[in-house]
Amino acid sequence: MSWTTGKTLAAALAMGGIAIAGAADAQLKAIKTQTNISPAERKQGDEAHPQLLQEFGGAYNGPQASYVNRIGQNIAVQSGLSRSPNDFTVTLLNSPVNNAFAIPGGYVYVTRQLMALMNDEAELAGVLGHEVGHVAAQHSKKRQSAATRNTILGVLGAVLGGAIGDNGGLLGGLGGLLQNNSMKVAQYFTLGFSRSQELQADQLGVQYLRSAGYDPLALSTMLASLAAQTSLDARLAGGDARSLPEWASTHPDPASRVRNAQTLARRVGGGGGNRNADAFFASVDGVLFGDDPAQGVVEGRDFLHPDLRLRFTVPNGYGMQNGATAVSISGNGGQAQFTTGPYSGDMNAYIAAAFKAVAGNTAISPGTIQRTTVNGIPAFYSTARVNSQSGQVDVTVFAYEFSRSSAFHFVTLTKAGGGGAFNAMFGSVRRLSAAEAAAIKLRRIDVVTVGRGDTVASLARRMAYRDYQAERFQVLNRLTASSRLTPGQRVKIVVYASR
(Lines give C-alpha, C1' and ligand atoms only; values in the text may rest on other atoms or scores of the structure.)
Protein backbone atom coordinates (compact mmCIF):
# COMPACT_ATOMS: atom_id res chain seq x y z
CA MET A 1 0.00 0.00 0.00
CA SER A 2 1.00 3.59 -0.48
CA TRP A 3 0.69 5.52 2.76
CA THR A 4 0.93 8.80 0.86
CA THR A 5 -1.65 11.39 1.86
CA GLY A 6 -1.98 12.51 -1.72
CA LYS A 7 -1.67 10.64 -5.00
CA THR A 8 0.58 12.73 -7.20
CA LEU A 9 2.54 12.35 -10.40
CA ALA A 10 5.98 12.36 -8.82
CA ALA A 11 5.07 9.85 -6.16
CA ALA A 12 3.05 7.67 -8.54
CA LEU A 13 1.63 5.87 -5.56
CA ALA A 14 -2.08 5.09 -5.40
CA MET A 15 -3.83 5.08 -2.03
CA GLY A 16 -5.23 1.68 -1.16
CA GLY A 17 -8.54 1.58 0.64
CA ILE A 18 -11.29 -0.71 1.89
CA ALA A 19 -14.65 0.79 1.04
CA ILE A 20 -16.99 -1.86 2.41
CA ALA A 21 -17.87 -1.58 6.07
CA GLY A 22 -17.42 -4.86 7.85
CA ALA A 23 -15.13 -6.24 5.16
CA ALA A 24 -12.70 -7.42 7.78
CA ASP A 25 -15.28 -9.78 9.26
CA ALA A 26 -16.29 -11.08 5.86
CA GLN A 27 -12.81 -11.71 4.54
CA LEU A 28 -10.80 -12.77 7.58
CA LYS A 29 -9.28 -16.08 6.63
CA ALA A 30 -6.00 -17.87 6.37
CA ILE A 31 -3.75 -16.25 3.79
CA LYS A 32 -1.29 -18.33 1.86
CA THR A 33 2.05 -16.61 2.28
CA GLN A 34 5.51 -17.08 0.89
CA THR A 35 7.96 -18.88 3.16
CA ASN A 36 11.32 -17.69 1.86
CA ILE A 37 13.13 -15.05 -0.14
CA SER A 38 14.20 -16.63 -3.41
CA PRO A 39 17.51 -15.86 -5.13
CA ALA A 40 15.60 -14.32 -8.03
CA GLU A 41 13.73 -11.99 -5.70
CA ARG A 42 16.93 -11.06 -3.93
CA LYS A 43 18.49 -10.13 -7.27
CA GLN A 44 15.41 -8.16 -8.24
CA GLY A 45 15.48 -6.20 -5.00
CA ASP A 46 19.21 -5.60 -5.18
CA GLU A 47 18.80 -4.04 -8.62
CA ALA A 48 15.80 -1.90 -7.73
CA HIS A 49 17.07 -0.61 -4.38
CA PRO A 50 19.51 2.04 -5.69
CA GLN A 51 16.91 3.44 -8.07
CA LEU A 52 14.31 3.66 -5.34
CA LEU A 53 16.75 5.47 -3.09
CA GLN A 54 17.46 7.98 -5.84
CA GLU A 55 13.79 8.64 -6.54
CA PHE A 56 12.79 9.07 -2.91
CA GLY A 57 15.49 11.47 -1.78
CA GLY A 58 18.05 8.91 -0.66
CA ALA A 59 18.48 7.27 2.73
CA TYR A 60 17.99 9.49 5.75
CA ASN A 61 21.26 9.62 7.66
CA GLY A 62 20.05 10.72 11.07
CA PRO A 63 20.16 8.54 14.22
CA GLN A 64 16.59 7.51 13.48
CA ALA A 65 17.76 5.26 10.65
CA SER A 66 19.22 2.51 12.85
CA TYR A 67 16.13 2.54 15.07
CA VAL A 68 13.79 2.13 12.10
CA ASN A 69 15.99 -0.65 10.74
CA ARG A 70 15.89 -2.57 14.02
CA ILE A 71 12.12 -2.27 14.44
CA GLY A 72 11.56 -3.14 10.80
CA GLN A 73 13.76 -6.22 10.89
CA ASN A 74 12.02 -7.45 14.03
CA ILE A 75 8.56 -7.14 12.50
CA ALA A 76 9.70 -8.53 9.14
CA VAL A 77 10.89 -11.83 10.61
CA GLN A 78 7.33 -12.40 11.88
CA SER A 79 6.34 -12.92 8.25
CA GLY A 80 8.24 -16.18 7.90
CA LEU A 81 10.06 -14.94 4.81
CA SER A 82 13.29 -15.42 6.73
CA ARG A 83 14.31 -16.19 10.30
CA SER A 84 17.32 -13.91 10.05
CA PRO A 85 16.70 -10.18 10.64
CA ASN A 86 19.77 -9.41 8.55
CA ASP A 87 17.99 -10.73 5.48
CA PHE A 88 15.88 -7.58 5.54
CA THR A 89 17.09 -4.10 4.61
CA VAL A 90 14.85 -1.48 6.19
CA THR A 91 15.46 2.08 4.98
CA LEU A 92 14.30 5.39 6.35
CA LEU A 93 13.91 7.62 3.29
CA ASN A 94 14.71 11.34 3.19
CA SER A 95 11.35 12.20 1.67
CA PRO A 96 8.66 14.73 2.69
CA VAL A 97 5.93 12.39 1.43
CA ASN A 98 3.88 10.28 3.85
CA ASN A 99 4.68 6.88 2.40
CA ALA A 100 5.91 3.35 3.02
CA PHE A 101 6.35 0.31 0.80
CA ALA A 102 8.27 -2.95 0.44
CA ILE A 103 9.65 -4.85 -2.53
CA PRO A 104 10.63 -8.50 -3.03
CA GLY A 105 14.10 -9.38 -1.84
CA GLY A 106 13.72 -8.21 1.74
CA TYR A 107 13.69 -4.44 1.13
CA VAL A 108 11.33 -2.31 3.24
CA TYR A 109 10.98 1.49 3.17
CA VAL A 110 9.33 4.24 5.22
CA THR A 111 9.74 7.99 4.80
CA ARG A 112 10.84 10.31 7.57
CA GLN A 113 7.63 12.28 7.05
CA LEU A 114 5.42 9.28 7.80
CA MET A 115 7.57 8.44 10.81
CA ALA A 116 6.97 11.96 12.14
CA LEU A 117 3.21 11.39 11.91
CA MET A 118 3.46 8.33 14.16
CA ASN A 119 3.16 8.47 17.92
CA ASP A 120 4.69 5.23 19.12
CA GLU A 121 6.83 2.28 18.11
CA ALA A 122 3.85 -0.02 17.60
CA GLU A 123 2.51 2.26 14.85
CA LEU A 124 5.90 2.14 13.13
CA ALA A 125 5.91 -1.65 13.38
CA GLY A 126 2.33 -1.80 12.09
CA VAL A 127 3.10 0.22 8.98
CA LEU A 128 6.23 -1.82 8.20
CA GLY A 129 4.39 -5.06 8.94
CA HIS A 130 1.63 -4.12 6.52
CA GLU A 131 4.19 -3.54 3.77
CA VAL A 132 5.99 -6.81 4.47
CA GLY A 133 2.58 -8.47 4.35
CA HIS A 134 2.17 -7.38 0.72
CA VAL A 135 5.43 -9.13 -0.13
CA ALA A 136 4.64 -12.25 1.89
CA ALA A 137 1.28 -12.56 0.14
CA GLN A 138 3.03 -12.12 -3.22
CA HIS A 139 0.76 -9.26 -4.20
CA SER A 140 3.31 -7.73 -6.55
CA LYS A 141 3.49 -10.94 -8.56
CA LYS A 142 -0.29 -11.10 -8.80
CA ARG A 143 -0.47 -7.64 -10.34
CA GLN A 144 2.43 -7.92 -12.80
CA SER A 145 0.10 -8.12 -15.76
CA ALA A 146 -1.45 -4.82 -14.72
CA ALA A 147 1.82 -2.97 -14.13
CA THR A 148 2.35 -1.79 -17.68
CA ARG A 149 -1.17 -0.47 -18.09
CA ASN A 150 -1.44 1.23 -14.70
CA THR A 151 0.94 4.10 -15.24
CA ILE A 152 0.09 7.12 -13.18
CA LEU A 153 -1.75 8.59 -16.15
CA GLY A 154 -3.46 5.35 -17.09
CA VAL A 155 -6.49 6.21 -14.98
CA LEU A 156 -6.48 9.72 -16.38
CA GLY A 157 -6.33 8.30 -19.88
CA ALA A 158 -9.38 6.15 -19.27
CA VAL A 159 -11.33 9.34 -18.64
CA LEU A 160 -9.79 11.58 -21.28
CA GLY A 161 -9.82 8.74 -23.80
CA GLY A 162 -7.74 5.66 -24.40
CA ALA A 163 -4.01 5.83 -24.94
CA ILE A 164 -2.76 6.14 -28.47
CA GLY A 165 -1.20 2.89 -29.55
CA ASP A 166 0.43 0.62 -27.00
CA ASN A 167 2.40 1.39 -23.88
CA GLY A 168 4.82 3.49 -25.90
CA GLY A 169 1.95 5.80 -26.85
CA LEU A 170 1.15 9.24 -25.58
CA LEU A 171 -0.13 8.48 -22.11
CA GLY A 172 2.53 5.89 -21.41
CA GLY A 173 5.20 8.28 -22.61
CA LEU A 174 3.73 11.18 -20.68
CA GLY A 175 3.62 9.08 -17.57
CA GLY A 176 7.30 8.35 -18.09
CA LEU A 177 8.15 12.02 -18.43
CA LEU A 178 6.11 13.13 -15.46
CA GLN A 179 7.90 10.54 -13.41
CA ASN A 180 11.25 11.68 -14.78
CA ASN A 181 11.76 8.24 -16.34
CA SER A 182 13.70 7.15 -13.26
CA MET A 183 10.31 6.45 -11.70
CA LYS A 184 9.70 3.35 -13.79
CA VAL A 185 11.16 0.99 -11.22
CA ALA A 186 9.53 2.81 -8.32
CA GLN A 187 6.23 2.86 -10.16
CA TYR A 188 6.32 -0.88 -10.78
CA PHE A 189 6.89 -1.74 -7.15
CA THR A 190 4.53 0.84 -5.67
CA LEU A 191 1.44 0.65 -7.85
CA GLY A 192 -1.77 0.64 -5.87
CA PHE A 193 -3.02 -2.70 -4.62
CA SER A 194 -6.57 -3.95 -4.88
CA ARG A 195 -8.99 -3.59 -2.00
CA SER A 196 -8.77 -7.28 -1.15
CA GLN A 197 -4.98 -7.15 -1.21
CA GLU A 198 -4.96 -4.16 1.13
CA LEU A 199 -7.22 -6.02 3.55
CA GLN A 200 -4.95 -9.06 3.40
CA ALA A 201 -1.90 -6.90 4.11
CA ASP A 202 -3.75 -5.28 7.01
CA GLN A 203 -4.61 -8.71 8.36
CA LEU A 204 -1.02 -9.89 8.12
CA GLY A 205 0.29 -6.65 9.60
CA VAL A 206 -2.03 -7.02 12.60
CA GLN A 207 -0.93 -10.62 13.07
CA TYR A 208 2.72 -9.61 12.92
CA LEU A 209 2.08 -6.94 15.55
CA ARG A 210 0.53 -9.48 17.88
CA SER A 211 3.30 -12.06 17.38
CA ALA A 212 5.96 -9.39 18.00
CA GLY A 213 4.29 -8.37 21.26
CA TYR A 214 2.83 -5.05 20.08
CA ASP A 215 -0.70 -3.74 20.46
CA PRO A 216 -2.50 -4.85 17.26
CA LEU A 217 -4.69 -1.75 17.41
CA ALA A 218 -1.65 0.31 16.39
CA LEU A 219 -2.38 -0.13 12.70
CA SER A 220 -5.85 1.39 13.08
CA THR A 221 -4.59 4.39 15.05
CA MET A 222 -1.94 5.03 12.41
CA LEU A 223 -4.59 4.93 9.68
CA ALA A 224 -6.66 7.40 11.69
CA SER A 225 -3.72 9.81 11.83
CA LEU A 226 -3.23 9.42 8.10
CA ALA A 227 -6.91 10.18 7.46
CA ALA A 228 -6.63 13.32 9.58
CA GLN A 229 -3.49 14.39 7.70
CA THR A 230 -5.26 13.86 4.36
CA SER A 231 -8.09 16.10 5.48
CA LEU A 232 -5.69 18.77 6.70
CA ASP A 233 -3.73 18.68 3.45
CA ALA A 234 -6.95 19.37 1.56
CA ARG A 235 -7.66 22.40 3.74
CA LEU A 236 -4.12 23.72 3.35
CA ALA A 237 -4.43 23.80 -0.44
CA GLY A 238 -8.03 25.00 -0.50
CA GLY A 239 -9.20 21.82 -2.18
CA ASP A 240 -8.08 18.25 -2.81
CA ALA A 241 -4.56 18.85 -1.63
CA ARG A 242 -1.76 16.71 -3.00
CA SER A 243 -4.23 14.47 -4.74
CA LEU A 244 -5.22 13.42 -8.20
CA PRO A 245 -8.50 14.83 -9.53
CA GLU A 246 -11.64 13.01 -8.38
CA TRP A 247 -12.05 11.43 -11.78
CA ALA A 248 -8.57 9.92 -11.60
CA SER A 249 -8.97 8.34 -8.18
CA THR A 250 -9.47 4.61 -7.84
CA HIS A 251 -9.53 4.23 -4.06
CA PRO A 252 -11.14 6.03 -1.13
CA ASP A 253 -9.04 7.82 1.45
CA PRO A 254 -7.68 5.93 4.46
CA ALA A 255 -10.51 6.95 6.81
CA SER A 256 -12.61 4.11 5.40
CA ARG A 257 -10.03 1.56 6.51
CA VAL A 258 -9.79 2.48 10.17
CA ARG A 259 -12.80 0.45 11.29
CA ASN A 260 -11.64 -2.57 9.32
CA ALA A 261 -8.24 -2.45 11.00
CA GLN A 262 -9.94 -2.17 14.39
CA THR A 263 -12.02 -5.24 13.64
CA LEU A 264 -8.94 -7.17 12.57
CA ALA A 265 -7.21 -6.22 15.81
CA ARG A 266 -10.15 -7.35 17.93
CA ARG A 267 -10.21 -10.68 16.14
CA VAL A 268 -6.62 -11.39 17.18
CA GLY A 269 -7.16 -10.15 20.72
CA GLY A 270 -6.81 -6.40 20.22
CA GLY A 271 -5.87 -4.24 23.17
CA GLY A 272 -2.85 -4.79 25.33
CA GLY A 273 0.60 -5.32 23.96
CA ASN A 274 3.45 -2.85 23.81
CA ARG A 275 3.29 0.62 22.37
CA ASN A 276 6.81 1.72 23.38
CA ALA A 277 6.01 5.40 23.05
CA ASP A 278 9.01 6.55 25.09
CA ALA A 279 11.52 4.78 22.86
CA PHE A 280 9.81 6.12 19.78
CA PHE A 281 9.75 9.72 21.02
CA ALA A 282 13.44 9.50 21.89
CA SER A 283 14.17 8.42 18.34
CA VAL A 284 11.88 10.75 16.37
CA ASP A 285 13.16 13.82 18.24
CA GLY A 286 15.10 16.01 15.82
CA VAL A 287 14.00 14.32 12.60
CA LEU A 288 13.75 16.61 9.57
CA PHE A 289 10.12 17.57 8.89
CA GLY A 290 8.66 18.68 5.59
CA ASP A 291 10.72 19.64 2.59
CA ASP A 292 14.48 19.73 2.60
CA PRO A 293 15.47 23.26 1.47
CA ALA A 294 18.22 21.71 -0.64
CA GLN A 295 15.40 20.28 -2.78
CA GLY A 296 13.09 23.29 -2.47
CA VAL A 297 10.14 23.76 -0.14
CA VAL A 298 6.37 23.89 -0.43
CA GLU A 299 4.80 26.72 1.57
CA GLY A 300 1.06 26.61 1.08
CA ARG A 301 0.51 27.20 -2.64
CA ASP A 302 4.07 28.44 -3.19
CA PHE A 303 7.15 26.47 -4.19
CA LEU A 304 10.46 28.11 -3.29
CA HIS A 305 13.96 26.86 -4.05
CA PRO A 306 16.71 28.77 -2.23
CA ASP A 307 19.61 27.27 -4.15
CA LEU A 308 18.05 27.65 -7.62
CA ARG A 309 16.69 31.04 -6.51
CA LEU A 310 13.21 30.61 -7.98
CA ARG A 311 9.58 30.41 -6.88
CA PHE A 312 6.11 29.87 -8.34
CA THR A 313 2.52 29.59 -7.13
CA VAL A 314 -0.02 26.90 -8.03
CA PRO A 315 -3.72 27.67 -8.55
CA ASN A 316 -6.08 27.61 -5.59
CA GLY A 317 -7.32 24.09 -4.94
CA TYR A 318 -4.31 22.44 -6.55
CA GLY A 319 -1.90 20.27 -4.61
CA MET A 320 1.86 20.11 -4.87
CA GLN A 321 4.26 17.26 -4.19
CA ASN A 322 7.95 18.01 -4.08
CA GLY A 323 10.13 15.18 -5.36
CA ALA A 324 13.86 14.67 -5.61
CA THR A 325 14.01 15.96 -9.19
CA ALA A 326 10.63 17.55 -9.88
CA VAL A 327 7.55 19.15 -8.39
CA SER A 328 4.21 17.61 -9.32
CA ILE A 329 0.98 19.58 -9.33
CA SER A 330 -2.54 18.21 -9.61
CA GLY A 331 -6.12 19.38 -9.33
CA ASN A 332 -9.48 19.05 -10.99
CA GLY A 333 -8.37 21.05 -14.02
CA GLY A 334 -5.36 18.93 -14.90
CA GLN A 335 -1.89 17.85 -13.90
CA ALA A 336 1.55 19.37 -14.27
CA GLN A 337 5.16 18.91 -13.38
CA PHE A 338 7.95 21.43 -12.95
CA THR A 339 11.43 20.16 -13.73
CA THR A 340 14.55 20.85 -15.76
CA GLY A 341 16.75 19.32 -18.41
CA PRO A 342 20.06 19.87 -20.20
CA TYR A 343 20.22 23.36 -21.72
CA SER A 344 22.90 24.91 -23.92
CA GLY A 345 21.19 28.08 -25.05
CA ASP A 346 18.93 26.54 -27.72
CA MET A 347 15.36 26.83 -26.43
CA ASN A 348 13.88 25.26 -29.57
CA ALA A 349 15.92 22.11 -28.91
CA TYR A 350 15.06 22.21 -25.21
CA ILE A 351 11.30 22.30 -25.84
CA ALA A 352 11.56 19.70 -28.59
CA ALA A 353 13.33 17.36 -26.17
CA ALA A 354 10.58 17.89 -23.60
CA PHE A 355 7.88 17.01 -26.14
CA LYS A 356 9.85 14.00 -27.35
CA ALA A 357 10.01 12.69 -23.80
CA VAL A 358 6.25 13.21 -23.52
CA ALA A 359 5.41 11.53 -26.80
CA GLY A 360 7.45 8.37 -26.39
CA ASN A 361 7.03 6.43 -29.63
CA THR A 362 3.98 8.42 -30.70
CA ALA A 363 4.26 11.20 -33.26
CA ILE A 364 2.70 14.43 -32.01
CA SER A 365 2.89 17.86 -33.58
CA PRO A 366 3.36 20.80 -31.20
CA GLY A 367 2.30 24.23 -32.36
CA THR A 368 4.71 27.05 -33.11
CA ILE A 369 6.87 27.99 -30.15
CA GLN A 370 5.75 31.34 -28.74
CA ARG A 371 8.01 33.72 -26.85
CA THR A 372 7.13 35.99 -23.94
CA THR A 373 8.64 37.39 -20.77
CA VAL A 374 7.57 36.37 -17.26
CA ASN A 375 8.72 38.67 -14.46
CA GLY A 376 11.78 39.61 -16.49
CA ILE A 377 12.63 35.98 -17.39
CA PRO A 378 12.61 34.94 -21.09
CA ALA A 379 9.90 32.31 -21.52
CA PHE A 380 8.84 30.04 -24.36
CA TYR A 381 5.83 27.77 -24.77
CA SER A 382 4.02 25.46 -27.14
CA THR A 383 0.99 23.17 -27.02
CA ALA A 384 0.24 19.89 -28.77
CA ARG A 385 -3.35 18.71 -29.15
CA VAL A 386 -3.67 14.99 -29.49
CA ASN A 387 -6.66 12.91 -30.47
CA SER A 388 -7.42 10.01 -28.18
CA GLN A 389 -10.09 7.36 -28.49
CA SER A 390 -12.82 9.41 -26.87
CA GLY A 391 -11.59 12.97 -26.77
CA GLN A 392 -8.66 15.32 -27.11
CA VAL A 393 -5.79 16.10 -24.77
CA ASP A 394 -3.65 19.23 -24.63
CA VAL A 395 -0.01 18.84 -23.65
CA THR A 396 1.83 22.10 -23.02
CA VAL A 397 5.52 22.77 -22.40
CA PHE A 398 6.19 26.20 -20.84
CA ALA A 399 9.92 26.85 -20.41
CA TYR A 400 12.00 29.58 -18.75
CA GLU A 401 15.58 30.59 -19.55
CA PHE A 402 17.23 31.44 -16.25
CA SER A 403 20.66 31.74 -17.85
CA ARG A 404 22.41 30.67 -21.03
CA SER A 405 23.16 27.35 -19.39
CA SER A 406 20.06 26.70 -17.25
CA ALA A 407 16.37 26.37 -17.99
CA PHE A 408 13.29 25.04 -16.24
CA HIS A 409 9.89 24.05 -17.54
CA PHE A 410 6.37 22.99 -16.77
CA VAL A 411 4.71 20.13 -18.60
CA THR A 412 0.92 20.24 -18.25
CA LEU A 413 -1.79 17.79 -19.21
CA THR A 414 -5.37 19.00 -19.54
CA LYS A 415 -8.53 18.22 -21.42
CA ALA A 416 -8.57 19.98 -24.78
CA GLY A 417 -8.99 23.70 -24.33
CA GLY A 418 -8.37 23.52 -20.60
CA GLY A 419 -4.82 24.83 -20.57
CA GLY A 420 -5.96 28.17 -19.20
CA ALA A 421 -6.22 26.55 -15.77
CA PHE A 422 -2.45 26.92 -15.47
CA ASN A 423 -1.98 30.42 -16.94
CA ALA A 424 -1.63 32.08 -13.54
CA MET A 425 0.93 29.46 -12.52
CA PHE A 426 2.93 30.03 -15.71
CA GLY A 427 2.97 33.74 -14.94
CA SER A 428 3.98 33.33 -11.29
CA VAL A 429 7.54 32.11 -11.85
CA ARG A 430 10.10 34.61 -10.63
CA ARG A 431 13.59 34.83 -9.19
CA LEU A 432 14.17 34.81 -5.44
CA SER A 433 16.28 37.57 -3.97
CA ALA A 434 19.28 36.68 -1.83
CA ALA A 435 17.38 37.78 1.27
CA GLU A 436 14.32 35.68 0.35
CA ALA A 437 16.50 32.62 -0.26
CA ALA A 438 18.31 33.07 3.04
CA ALA A 439 15.01 33.33 4.91
CA ILE A 440 13.95 29.79 3.94
CA LYS A 441 14.54 27.62 6.98
CA LEU A 442 14.69 23.96 7.79
CA ARG A 443 12.06 22.43 10.09
CA ARG A 444 12.54 19.60 12.56
CA ILE A 445 10.50 17.64 15.08
CA ASP A 446 11.04 18.71 18.67
CA VAL A 447 9.69 16.37 21.35
CA VAL A 448 8.69 18.36 24.42
CA THR A 449 7.31 17.45 27.83
CA VAL A 450 4.00 19.01 28.75
CA GLY A 451 4.33 21.31 31.74
CA ARG A 452 1.82 22.68 34.20
CA GLY A 453 -0.46 25.12 32.44
CA ASP A 454 0.37 23.85 28.94
CA THR A 455 -2.62 23.31 26.66
CA VAL A 456 -3.20 22.19 23.10
CA ALA A 457 -3.63 25.84 22.16
CA SER A 458 -0.49 27.10 23.92
CA LEU A 459 1.75 24.38 22.49
CA ALA A 460 0.25 24.79 19.03
CA ARG A 461 1.38 28.41 19.01
CA ARG A 462 4.97 27.15 19.06
CA MET A 463 4.55 25.38 15.71
CA ALA A 464 6.83 26.83 13.01
CA TYR A 465 4.01 27.78 10.67
CA ARG A 466 2.05 30.94 9.95
CA ASP A 467 -1.27 29.16 9.44
CA TYR A 468 -3.28 26.24 10.82
CA GLN A 469 -0.99 25.92 13.84
CA ALA A 470 -3.60 24.24 16.05
CA GLU A 471 -4.72 21.83 13.35
CA ARG A 472 -1.15 20.86 12.47
CA PHE A 473 -0.31 20.24 16.13
CA GLN A 474 -3.43 18.14 16.69
CA VAL A 475 -2.87 15.93 13.64
CA LEU A 476 0.82 15.47 14.47
CA ASN A 477 -0.06 14.20 17.95
CA ARG A 478 -3.35 12.40 17.24
CA LEU A 479 -5.28 14.93 19.32
CA THR A 480 -8.47 16.94 18.99
CA ALA A 481 -9.28 20.52 19.95
CA SER A 482 -10.90 19.20 23.15
CA SER A 483 -8.01 16.93 24.14
CA ARG A 484 -6.64 17.53 27.64
CA LEU A 485 -2.90 17.37 28.14
CA THR A 486 -1.34 16.19 31.39
CA PRO A 487 1.96 17.33 32.90
CA GLY A 488 4.72 14.91 31.96
CA GLN A 489 3.05 13.88 28.72
CA ARG A 490 5.32 14.01 25.66
CA VAL A 491 4.20 15.64 22.44
CA LYS A 492 5.76 16.72 19.15
CA ILE A 493 6.02 20.24 17.80
CA VAL A 494 7.64 21.45 14.60
CA VAL A 495 10.37 24.06 15.04
CA TYR A 496 12.76 25.96 12.81
CA ALA A 497 16.35 24.76 12.84
CA SER A 498 19.60 25.73 11.18
CA ARG A 499 20.72 23.70 8.20
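These legends walk through several close-up views of a predicted model. Residues are numbered from 1 along each chain as its sequence is written, and side-chain values use heavy atoms, with hydrogens and water left out. Because the model is predicted, local features need pLDDT of at least 70 and side-chain atom pairs count only at pLDDT 80 or more, while totals for chains, interfaces and linings use all residues.

**View 1. The whole protein chain.** Let's start with the big picture: the chain has 19 helices and 16 strands. Both are DSSP runs numbered from the N terminus (helices are H or I, at least four residues; strands are E, at least two). Of its 499 residues, 57% count as buried, meaning under 20% relative accessible area with a 1.4 Å probe, protein chains only (over 50% is exposed, and in between is partly exposed). Take the contacts (heavy atoms within 4.5 Å) between residues at least 6 apart in sequence: 71% of them join residues at least 24 apart.

View 2. An α-helix has 3.6 residues a turn, so residues three or four places apart point the same way. After α2 comes Gly 57, with a positive phi near 80°.

**View 3. An open sheet of four strands.** The order here is β4-β5-β6-β14, and the pairing is antiparallel. Strands β4 (297–299) and β14 (430–431) stand at the edges with a single partner each, so one side of each has no neighbour in the sheet. Strands count as paired if DSSP finds at least two bridges between them; β5 (residues 302–305) and β6 (residues 310–313) are joined by four. Look for Asp 302, which stands opposite Thr 313 in β6.

**View 4. Around Asp 446.** This residue lies in strand β15 (residues 442–449). Asp 446 counts as partly exposed because its relative accessibility is 26%. Leaving aside neighbours within four places in sequence, Asp 446 is in contact with Asp 285, Val 491, Lys 492, Ile 493 and Val 495. Val 287 is 159 residues away from Asp 446 in sequence, yet their C-alpha atoms are 8.1 Å apart.
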